[in-house]
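Here is a short briefing on a ligand site and a neighbouring topic, pockets. Take a look at the model first, then read on.

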Amino acid sequence: MKELLKSLPKRDRDLTNDPLWYRNAVFYEVMVRAFHDSDGDGIGDLRGLIKRLDYLAWLGVDALWLPPFYPSPMRDGGYDVADYRGIDPRYGTMRDFEKLIKEVHKRGMRITIDLVMNHTSDQHPWFQASRTDPDGPYGDYYVWSDTDQKWTDARIIFTDVETSNWAWDAHREQYYWHRFYSHQPDLNFENPAVQQEMFDIARFWLKKGIDGFRLDAVPYLFEDEDNSGENDPRTHQFLRDLRKMVDTEFPGAVLLAEANQPPHEAAEYFGTEEEPECHMCFHFPVMPRIFHSLKAEDATRLREVLHDTPVPPAKGQWSTFLRNHDELTLEMVSEDERHQMFDWYAPHPQMKAHTGIRRRLAPLLDNSEQALELAHALILSLPGTPCLYYGDEIAMGDNVWLPDRDSVRTPMQWTPDRNAGFSDADPGALYLPTVQSLLFHYNGVNIERSLMQPTSLLFWMRRFLKARAEHPAFSDGGYKDVPSDNPAVFSFLRTHEDESVLVAMNFSTHQSSALLTLEDYAGGKVKTIISKTPFQDVGDDGTLRLTFGPQSFYWLVVKHA
Ligand code: NOJ
């Protein structure tokens, strides 16, 4: 394995000097505890991640996103932060983290981390002080109330676990507000001291050299009777202030919003060109529609949501994704769609969590090579910066018998050896067991094996990441729907300056054909992207007839006649 990794060619892209780097990057979400364990205690760590950076550089990933690695009681995967400025000793030390930043940059890549502003763990010293000393300096750091009948319109997010957004604190004899688990009290953003703390924490990490933050649960910072606790104007004001500070003091650093909202509301987290908020926003509404369209074998819903998607202000960029460390959330689809998707994708009750499905990409797509390539080609070509999830590049499986979202957070599978090459520990000591299901056992699904097989999904991913990087139309181009006479065939153009890329995809599991209408390109020449070979021309009437294998697709460069 070591030898194989050593022989991999080095990365030839350097994004460290480009202030708009996030627009043409591919992100990779990597959980420190899941990637590689360097000291044999069964838990992945920062030094382990450093050892695996060459692999990520080879793959063509441009930026890492690290979910929380702060000291935490780990009752919500680390999103229950107990110290914003520390490294949980399980993962290493601050020096290890500083080395990680250096090593990432040395390879021309960028590194972003999670900033969990909305809430802390109930073990955070601020909360302990707040509940025991209401008149002290932290008394007003959280949202306290004598009644639990306030803001009853605010939806409950973890519906399967929580029955209210209020929890009783027996010591202070008051209720506190929490949008997630009851052990995660919401911070009180109306208190200027809390806002100041967040600025200082952001500065602390930016000074270390990180390249930005994924802003966790950002719509919920302020609550109010009139807006059900989401998207309050004061939240937007706070983000404008934060952005100003980041742009002034740390130019080039980015803010990426986690706002699970309909397209127009999510887009508000970009702010405007004059008064920007976040550089990037995850595109939550498009993600479940990808899965819907694939199973429905009909692209209509996907076309609709893209039609409803606002174009971000200059410098803004959506971020597309298929899976991440959470459940595949179905909050952004209609009730009908949700039922249908549960039927399709969560046939066993174990597969559901909160309002979503706690499975990984490959099991969701029945481990079909065509479907996996199609889904990836889609997020690599839609407008927005793609964000991949560790392990999906080798079609890693999940373990739905583990609790909550641990099902999709199992150790990375490097080799067919003990613990999948993730750790030297006794297998019983791992933070979570490796996947050993019949179909996805690490014996067969691992990096080493993928590297030995040039036709593997891993090599496919690398090829397509490279092709994407070579065509600025994917990162900077506009999006235009291309009409097709077959609802199973999804087609669109990405155009940047004088380059137009035509993407056409067959969502049907059978052979299909479609007549695409490309009026502006009548008589135009067409070339394939990957092999750069001439293809059939657009007809003089501005139509192009394409035939497809099951779930196959084309990436084509189209020229005006
Ligand atoms: C969003 C995170 O992605 C999720 O893992 C977490 O449970 C909630 N925020 C609460 O912090």
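The ligand takes up the space of the largest cavity. A cavity is a set of points, on a 1 Å grid over the protein atoms alone, where a 1.4 Å probe fits but cannot get out; a molecule sits in one if more than half of its atoms lie within 2 Å of its grid points. This is a predicted model, where local features need pLDDT of at least 70, side-chain atom pairs count only at pLDDT 80 or more, and totals for chains, interfaces and linings use all residues. Residues are numbered from 1 along each chain as its sequence is written, and side-chain values use heavy atoms, with hydrogens and water left out.

**Around the ligand**
- The ligand is surrounded by 13 residues (a heavy atom within 4 Å), and Asp76, His119, Asp216, His325 and Asp326 are the closest.
- This shell has seven charged residues (Asp, Glu, Lys and Arg), three polar and three nonpolar.

**Polar contacts (N or O pairs within 3.5 Å)**
- A ligand nitrogen lies 2.9 Å from a side-chain N or O atom of Asp216.
- Ligand oxygen atoms are 2.8 Å from a side-chain N or O atom of His325 and 2.5 Å from a polar side-chain atom of Asp326.
- Of the 300 Å² of accessible area that the ligand has on its own, the protein covers 98% (Shrake-Rupley method, 1.4 Å probe).

**Second largest pocket**
- This pocket (an open set with protein on both sides within 12 Å along at least five of seven lines) holds about 430 Å³ of space.
- Its lining has 25 residues, with Val311, Pro312, Pro383, Gly478 and Tyr479 nearest the centre.

Notes. Polar contact = N/O pair within 3.5 Å; in protein donor to acceptor, adjacent residues only side chain to side chain. 1 Å grid on protein atoms, 1.4 Å probe; cavity = no way out; pocket = protein on both sides within 12 Å on 5 of 7 lines; lining within 4 Å. Points joined across faces, edges and corners; volume = space filled by probe spheres on them.
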